[in-house]
Amino acid sequence: MVQTSKINANGIEIGVIGGTEPDNSYISLTDIAKYKNSEDPRMVITNWMSSYSTIDFLAVWEEIHNSDDFNRLEFQSVRNERGRLIMTPKQWIERMQAKGIISKAGKYGGTYAHSDIAFEFASWISPEFKLYIIKDYQRLKKDEAERKAIGWDEKRALSKLNYHIHTDAVQTYLITDELTNEEKTYKFANEADLLNVALFGKRARDWRKAHPEEAKRGENIRDYASAEELIVLINLENFNAEWISQGLSQQERLQKLRSVAYKQTEILKNNAAKRKLGATNPKLLKGGDKDAN
């Protein structure tokens, strides 16, 4: 699993990994724990897990969702041990063959737990904070479901596939044997940015500079395009490929592409189906990030 999104709980960013369905989502316990102790969130998690009421709750979750692999005998052994209970996420995962909690290494690593478990942990930390988490988590899942419903993912995949037509035109008409490999790479990137400027009003590197965290996750300006922008982008790729083959200069093509982008965007804005969708979820049609448009 890779981190796919974040929620904002009263100013605190919390990572979320998994799919669009709530049952597949895991929330960062490490980020939640920072609300209580930003210097040592791991200790906060360990303290919570070193409680019999907590491991009883975790065991029930595993019985329901992981009945085939959950190590019941090992759990009973721990439950019957004398003395103070000490349980870390790593110990719980390895000894119980648990799936409700996972650990990730690396810069964006930490301890993640299924949303059921994460909400229980948040309640232990602060009932008020838990409500902020639930509120923005619900907002996230609603947005993801609506994006999926209108086929945003399919349009994004189509724009990537259609881009081969564009790169083929660049390869055929703009790439020559005299160019170095570095110059060839620049040509491709420069033409891609021509489309970005025509549609979004900025280059890819400008967007990355303004959105460093998203860029670190491998995301780009087009990942934050709205559904209508992706439709226009597909058309711009086709127009630019044709104008490249006709020998038009980049400046001439930029002027034409800007004109096409403006006209087609206006048409989509006035489309009845689009207005209906906008009434359902206005934020969606603006894309994932206002600054990315």
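These are my notebook entries on a predicted model of one protein chain.

**Ground rules.** I number residues from 1 along each chain as its sequence is written, and I leave out hydrogens and water, with side-chain values using heavy atoms. The model is predicted, so local features need pLDDT of at least 70 and side-chain atom pairs count only at pLDDT 80 or more, while totals for chains, interfaces and linings use all residues.

**Whole chain.** I looked up the helices and strands first. The protein chain has 14 helices and 5 strands. Both are DSSP runs, numbered from the N terminus: helices are H or I with at least four residues, strands are E with at least two.

Next I checked burial. Of the 293 residues, 43% are buried. Buried means under 20% relative accessible area, exposed means over 50%, and partly exposed lies in between (1.4 Å probe, protein chains only).

The accessible surface is about 16200 Å², and carbon and sulfur atoms hold 50% of it. Such areas come from the Shrake-Rupley method with a 1.4 Å probe; for residues, only the protein chains shown count as cover.

I also looked at contacts (heavy atoms within 4.5 Å). Among those between residues at least 6 apart in sequence, 64% join residues at least 24 apart.

**N10.** Where does N10 sit? I found N10 in the loop between β1 (3-9) and β2 (12-17). Its phi is near 55°, a positive value in a residue other than glycine. N10 counts as exposed because its relative accessibility is 53%.

**Q97.** I placed Q97 in the loop between α5 (89-96) and β4 (101-104). Q97 is not a glycine, yet its phi is positive, at about 55°. Its relative accessible area is 43%, so Q97 is partly exposed.
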